[in-house]
Amino acid sequence: MLPGVYTAQKRDNTIYFRAGITYRGKHISLGSYDAEGLAHAAYREAGRILSDSSCTLETLLSHESLSASVLPFEKQVCLLNFRDNHIYFKNPIYLYKNYFLYLLAPEDELKFDVDDLFYYSSHKIMRRGGHLFVSDYGMQVTILSRYGIKNFAVAGKDYCFVNGDSTDFRYSNIQVLNPYYGVSRFERKGQTLYKVRLHIKGTHVVGVYPSQELAAIAYNKAVDLAKAHGINKNYTPNYLAELSPRAYAEYYTQVEISPRLLEYFKSQKAQAPPLI
């Protein structure tokens, strides 16, 4: 058997070849291959990455290097990081001094603070339909949720990337413009205002308010009124940790809801079938 190669057997007794390499006392699996020669080529390529200092992340990302490679791209990144930073991750992470890159593909890299290193070294990032998410306890969780950004938030409206780079997920680069459900920010005559909408059968305007907090409370009040009038939808209320219960109650009592929406609530209750 060629160096770095050993055989394995599938359930149907088919023989295939696995490649592996040991570096700094750690055995690293390099994947499975249909032919012994391919597995050996993967072993040799891994050895070159681990021993050749001229192999850098930049050369690794070059078209020539990728087209000639047997190893999966993610595995190449893992090996290069292990060589340069003396720590092995199963995910395609490359460490720098104050941040790290997570390389989904040669032309698809994300930047994170080192504070997130432990999380992303054990949670694989996936991209689907332009959305980035991880599998956490069996659920698909968007990576934006780590910044307090709600599902279906709109870039540029609910949050923004300070330096304009939408691949830079360092905390200093993400600004949350709207942390609350149902609330959207807009400018009118040089004044920042907050419009609240509630989706029932279509979208209804709850009102326009001078602050995010008041708008968030108005959304909660509209949700409570909807439920009181027999509209049973799974709304998520806004949580305002900075307000005391007394202050919240005062704002809740004072905040006004659109008269048109109140009439709509009454019409829905009138149409509801009588309880038997």
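**View 1. Helix 6, from residue 212 to residue 228.** Helix 6 holds 17 residues and spans 24 Å from first C-alpha to last, close to the 24 Å expected at 1.5 Å a residue (1.5 Å times one less than the number of residues). Helices here are DSSP runs of H or I with at least four residues, and strands are runs of E with at least two, numbered from the N terminus. This is a predicted model, in which local features need pLDDT of at least 70 and side-chain atom pairs count only at pLDDT 80 or more, while totals for chains, interfaces and linings use all residues. Residues are numbered from 1 along each chain, and side-chain values use heavy atoms, without hydrogens and water. Among the buried residues of helix 6 are Ala215, Tyr219 and Val223 (buried: under 20% relative accessible area, 1.4 Å probe, protein chains only). Glycine 230 follows the helix, with a positive phi near 85°.

**View 2. An open sheet of three strands, in the order 4-5-6.** The pairing is antiparallel; strands pair if DSSP finds at least two bridges between them. Strand 4 (93-95) and strand 6 (108-113) are the edges, each pairing on one side only. Between strand 5 (residues 99-105) and strand 6 there are six bridges, and tyrosine 102 stands opposite leucine 110.

**View 3. The largest nonpolar core, with 27 residues.** Such a core joins buried Ala, Val, Leu, Ile, Met, Phe, Trp, Tyr and Cys residues through side-chain atoms within 4.5 Å. Leu30, Leu71 and Leu79 touch the most other members. Helix 4 gives the most, six residues. Another core, of 24 residues, lies apart and includes Leu198 and Tyr235.

Definitions and conventions:
Buried < 20%, exposed > 50% of the residue type's maximum accessible area, 1.4 Å probe, protein only.
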